[in-house]
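Student: I'd like to go through this fold with you, one question at a time. Can we start with a loop and then move on to the sheet?

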Amino acid sequence: MGIVAGLDSSSAFTRIVVCDADTGAVLRQGYAPHPQPAGDPEVLHPHDIDPQAWLLSLGEAAGGGLLEGVQAIGVSAQQHALLPLDTQGALVRPALVGNDKRGQVAAADLTEALGGRQAWAEAVGSVPHSAQPVAKLAWMARNEPDAARRVAVLMSPHDWLVWQLLGRPARRTTDRGGASGTGYWSPATGAYRPDLVELALGHVALLPEVLAPAEAAGMTPEGLLISAGTGETMAAALGLGLAPGDAVVSLGASGSVMAVHHSAVQEPSGLVTSLADGSGMHLPVVNTSNAVRALRGTADLLGTDLDGLSELALQSTPGAHGLVLLPYLEGERTPNLPHTAGTLSGLRRDSMKPEHVAQAAFEGMLCGLVDALDVLRLRGVEVRRVFLLGAAAELPAVQAAAPGLFGTQIVVPAPADYAALGAARQAAWALGVQRGTLAPHTPPVWPAPAAQLFEPGEGYATWQAVRQQYIATREQLHPGAFQA
């Protein structure tokens, strides 16, 4: 079919992969960090960014003829960012990006203004939080009213980059995956809620046209097809080749669990964030406040690092001699216990050993994530295998415990930039549809990524007993936490 490229513009860098459109084989790659912002760091807020930096790193990453022969490009970019533009397409202020906490009060006020968490879950499948664009709009309206009044157009990073690549045309586009993270587009109905923009900003604004997954955003004057693009999470799902029955558990400082599902998932308390994916399906997500931070905290306590903590844990046994760690070190989102603290229970003389504390940390982290996955299961989301992402997924103690605790096959993919690969796969799809060689409802089949596989095995019953011990401790200390 030809050659395609996937571009991933993350919060820190641009990575480009050039692939064979038929096989997905990576032919060449480019990388460049975003340039550091100029100016006084005491004046510039770390979440206020000049998006020209993204274009500069894109140009550097694509240097040396990297894109020679490329026929289509897909764009993946960081989510939850907001570019507020005026009527001429110029920014009214720097882009608001990252997990910006400034909008916490605004998010809470928005939640109340619409009638509470359930009203938002029914409207757009999520409850406002500080990182979401809808909360950023409300923060702007309250703290920068002059800038807010000038806002005429709203875009996300991937929308803006696609628009730039196409020469800033009158038509502005996005995709359903990116739109679903804004807080003013409903995955269930596939439509914007401009009334929520007005509720947050004080007036309506122009919103990008939402393209179908295989639809092209346009062609450059040189004849290069630009696909719809999407957010990093949705692009990574395409890059991993996820399908119904697959879930992804991301092991960062905090954690997230998402799964591919055939329909939008609504959960009245707002524990589930209902996102759309890049293939026409849905990606319900449940977030936790604590994952690897619980391991790092325990490693610090025991005077070691993560590798050393894993070695210690393997000297213990499932159940950690009765120790149970509820890893709520930063409060918790799932269950909704924002003001609680972590708890280490079951201390006895014979259990007060480093290896048992280490094992309890791994079990507590993973059981907290199983809690999150069970929120999806209880909403009818089927899970047949779990992909573990993040550096901690390589730790032997994680790999030993995860299959039995999750009760499924565990897949640990080889490290790769799956967001860039997913963007390239989307580009190949759009190119194939344009040429009549691919159907608009089925993305191209690329080989599954190299991965390690782990099965529950003979120890399944033992690990499920560990899981029940964790549940019993959680219910004793926080009764009805998941019913609140």
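Student: Is histidine 321 buried, exposed or partly exposed?

Tutor: A word on the source: this is a predicted model, where local features need pLDDT of at least 70, side-chain atom pairs count only at pLDDT 80 or more, and totals for chains, interfaces and linings use all residues. Residues are numbered from 1 along each chain as its sequence is written, and side-chain values use heavy atoms, with hydrogens and water left out. Buried means under 20% relative accessible area, exposed over 50%, and partly exposed in between, using a 1.4 Å probe and protein chains only. Histidine 321 has a relative accessible area of 40%, so it is partly exposed.

Student: Where does histidine 321 sit, and what is its phi?

Tutor: Its place is in the loop between α11 (306–313) and β20; helices (H or I, at least four residues) and strands (E, at least two) are DSSP runs, numbered from the N terminus. Histidine 321 is not a glycine, yet its phi is positive, at about 55°.

Student: Which loop holds arginine 168, and what is its relative accessible area?

Tutor: Arginine 168 lies in the loop between α6 (157–165) and β9 (173–175). Its phi is also a positive value in a residue other than glycine, near 55°. Arginine 168 counts as partly exposed because its relative accessible area is 38%.

Student: Is the peptide bond from threonine 334 to proline 335 cis or trans?

Tutor: Look in the loop between β20 (324–326) and β21, where proline 335 is found. Omega for the bond from threonine 334 is near 5°, and the bond is cis.

Student: How does β16 pair with β22 and with β17, and how many residues join the hairpin?

Tutor: With β22, β16 runs parallel over 6 bridges, and aspartate 246 stands opposite arginine 385 there. With β17, β16 runs antiparallel over 5 bridges, with valine 248 opposite methionine 258. β16 is also mostly covered, as 6 of its 7 residues are buried. The hairpin from β16 to β17 goes through 3 residues.

Student: Which residue of β24 is the bridge partner of proline 413?

Tutor: β23 (residues 409–413) pairs with β24 in the antiparallel sense, over 4 bridges. In β24, the partner of proline 413 is alanine 451.

Student: Last one: is glutamine 78 buried or exposed?

Tutor: Glutamine 78 is in the loop between β5 (72–77) and β6 (83–85). Leaving aside neighbours within four places in sequence, its contacts include Trp54, Pro157 and Glu232. With a relative accessible area of 8%, glutamine 78 is buried.

How values were computed: Two strands pair if DSSP finds at least two bridges between them. Contact means heavy atoms within 4.5 Å.
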